[in-house]
Amino acid sequence: MCGIVGYAGGQSALDVVVAGLKRLEYRGYDSAGVAVLSDGGLAAAKKAGKLVNLEKELVNRPLAGGSVGIGHTRWATHGGPTDVNAHPHLDNAGRVAVVHNGIIENFAALREELADRGHDLASETDTEVVAHLLAEEFSSAGDLAEAMRLVCRRLDGAFTLVAVHADQPDVVVGARRNSPLVVGVGEGENFLASDVSAFIAHTRSAIELGQDQVVELTRDGVTVTDFDGAPADVRAYHVDWDASAAEKGGYDYFMLKEIAEQPKAVADTLLGRIDGSGRLTLDEVRIPDAVLREADKVVIIACGTAFHAGLIAKYAIEHWTRIPCEVELASEFRYRDPILGQKTLVIAISQSGETMDTLMALRHAREQGAKVLAVCNTNGSTIPRESDAVLYTHAGPEVAVASTKAFLTQLVACYLLALYLGQVRGTKWGDEIHAVVRELARIGDEVERVLETMEPVRALARSLAHKDTVLFLGRHVGYPVALEGALKLKELAYMHAEGFAAGELKHGPIALIEEDLPVVVVVPSPKARSVLHDKIVSNIQEIRARGARTIVIAEEGDEAVVPYADHLIRIPATPTLLQPLVSTVPLQVFACELATARGNEVDQPRNLAKSVTVE
Ligand code: M6R
């Protein structure tokens with residue numbers, strides 16, 4: 001949440017920073033602002049609303065140019081989305097400017113202190129106190145990095161801070177605790193940003209910062225220390241995708257592009273993970289096999305879409321490895337006092353690698369002695385860094401707030417992980433593993449086939465644009481798919497959407513069914529235990545008898561559902577456990593089209609942000 005950019009180099013800082021903010025706007029779009037240093041002065045502009053408002057403001061009131069600057073795109077926490085609350089925040093003398101991502105928990109006490117010392121704070125934000133504290137510390141330290149270290153030691157909570165000071169016009173200083181900040185290393189120019197997409201057009205060389213570190217950036221160098229000023233260890237890495245991967249590439253929305261990229265994302269996530277003899281080799285899983293063999297429980301922690309991937313993973317893990325598996329919302333996990341020990345394997349799933357709820361849950365798990373394995377899409381992010389091992393998904397950058405290709409690749413990674421556990425523990429034979437991997441390898445083509453047949457789904461979505469409610473039903477792995485379909489519709493179409501286990505319907509939710517209510521039903525493979533399939537066919541009849549308009553997602557060749565489907569969406573036949581890889585796709589397309597038909601912003605739904613870095 002909140003996107004931050006800092007720049008020191010030879011180009012126009014304003015141009016670089018605004019271009020970087022465009023790439024980070026998915027992180028929050030309540031307001032945007034910039035501050036640029038030029039000969040002896042600091043010039044700032046900020047505007048509520050999307051970045052485009054700031055761009056208009058900069059046309060009407062151009063800022064003096066300079067080659068050092070910072071910028072911010074906001075997801076509001078403290079104080080509404082107004083011009084005054086927008087970042088950057090300045091001290092009373094207008095010499096220091098700061099942008100912030102996170103929450104400063106002790107800001108109220110600091111604010112009172114500052115007021116007692118005569119500071120005049122204008123906004124409702126927690127951030128503004130930092131500008132004033134930096135100004136105070138700078139006046140005695142005479143150095144912005146040192147002032148930042150002194151201020152950070154006084155702050156509680158989570159924060160990425162990036163600041164400039166008019167009296168040190170060549171320098172940008174950043175600090176991080178629990179919120180993301182990466183360094184981009186260029187030639188004669190350096191960058192700071194919440195993620196690499198902000199500077200990927202300029203450099204693919206990045207430095208991952210650790211917890212409680214302060215970074216000082218000039219056009220010629222990068223210096224990193226801890227909060228006490230001691231030199232800090234950092235990890236340099238090369239970003240393995242380029243600027244084009246973070247552009248729309250001719251699609252109207254990032255979401256459409258990312259849906260279309262799914263066959264490749266699935267294939268890329270499988271790539272290189274099987275050796276010549278057909279054995280799985282998950283190189284990044286550094287947890288010793290002996291520990292994996294002894295694990296007596298798997299606990300999956302995740303949020304939102306990643307949580308739904310975890311719910312599906314549970315079926316595969318328990319079926320293939322016979323280890324009990326719990327799946328828990330990361331935001332609830334540590335408050336429940338979960339029973340964890342050295343034999344617990346915790347899997348933390350996160351696209352961004354920065355979700356604060358998941359990060360806090362994984363820290364709690366490690367404190368209790370559990371081993372944590374991250375399934376993550378973002379190299380250099382906090383969750384893999386703080387885990388004992390990581391299995392990267394190779395979805396490439398996901399920009400649309402609604403997660404699509406990340407979800408499919410999370411599923412693939414979880415299937416691989418479950419098979420790997422089966423391999424290590426000897427609960428699956430090599431040929432059995434190979435058979436599943438062969439099926440996984442052909443899924444990319446099946447997803448492609450699904451994508452080619454989506455026009456009727458789009459037409460159906462448009463015809464339902466006036467509806468208020470859509471329900472989703474599923475059984476077995478189809479149940480989490482129903483939850484995911486409902487989540488997509490809520491966040492994109494702003495419609496009331498609920499996912500239910502089809503068998504639960506009769507225990508209450510069936511009372512919601514009324515004439516012409518659209519109900520999407522995800523039907524398990526008829527090849528699965530036939531009782532499972534038979535039961536859901538009965539459920540479809542039950543809701544149809546009560547007036548529901550049934551939208552049935554069923555495998556090709558499943559004729560039993562035909563008489564009860566008002567709308568039938570066909571998906572290719574797949575092994576039972578893998579079906580979510582194809583059944584989710586029509587639901588993504590459905591939600592995207594409904595959002596468009598209702599005139600909603602597809603890539604940037606209201607109130608949301610892509611990377612949720614507050615608890
Ligand atoms: O980056 P993460 O995978 O940790 O994010 C978790 C959720 O915030 C995310 O999946 C969210 O639910 C998506 N917007 C859903 O489309």
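**Figure 1. Salt bridges in the predicted model.** The structure holds 39 salt bridges, a salt bridge being a side-chain nitrogen of Lys or Arg within 4 Å of a carboxyl oxygen of Asp or Glu. Side chains of opposite charge can pair when their charged atoms come close. The model is predicted, so local features need pLDDT of at least 70 and side-chain atom pairs count only at pLDDT 80 or more, whereas totals for chains, interfaces and linings use all residues. Residues are numbered from 1 along each chain as its sequence is written, and side-chain values use heavy atoms, with hydrogens and water left out.

**Figure 2. The salt bridge between Glu113 and Arg154.** The N to O distance between these two side chains is 2.7 Å. Glu113 belongs to helix α3 (residues 107–116) and Arg154 to the loop between α5 (144–152) and β7 (157–165), so the pair ties together parts that are 41 residues apart in sequence. Helices (H or I, at least four residues) and strands (E, at least two) are DSSP runs, numbered from the N terminus. Glu113 has a relative accessibility of 29% and counts as partly exposed; Arg154, at 31%, is also partly exposed. For these classes, buried means under 20% relative accessible area, exposed over 50%, and partly exposed in between (1.4 Å probe, protein chains only).

**Figure 3. The salt bridge between Glu326 and Lys297.** Here the side chains meet with an N to O distance of 3.6 Å. The pair links distant parts of the chain, with Glu326 in strand β16 (residues 325–329) and Lys297 in strand β15 (residues 297–302), 29 residues apart. Glu326 is partly exposed, its relative accessible area being 32%, whereas Lys297 is buried, at 16%.

**Figure 4. Arg449 and Glu446 within helix α14.** The closest N and O atoms of this salt bridge are 3.1 Å apart. Both residues lie in helix α14 (residues 430–452), 3 residues apart, which is about one turn of the helix. Arg449 is partly exposed, with a relative accessible area of 37%, while Glu446 is buried, with 11%. A network of salt bridges links Glu439, Arg442, Glu446, Arg449 and Glu556.

Figure 5. An oxygen atom of the ligand lies 2.8 Å from a polar backbone atom of Ser403. In the side chain of Lys488, an N or O atom is 3.0 Å from an oxygen atom of the ligand. For the side chain of Glu491, the corresponding distance from a ligand oxygen to an N or O atom is 2.4 Å. Elements that give two or more residues to the shell around the ligand are α9 (304–321) and α16 (478–493).

**Figure 6. The loop position of Gln342.** Gln342 is found in the loop between α10 (330–333) and β17 (344–350). This residue is exposed, with a relative accessible area of 67%. Gln342 and Gln368 are 26 residues apart in sequence, and their C-alpha atoms are 7.7 Å apart in space.

Methods: Polar contact = N/O pair within 3.5 Å; in protein donor to acceptor, adjacent residues only side chain to side chain.
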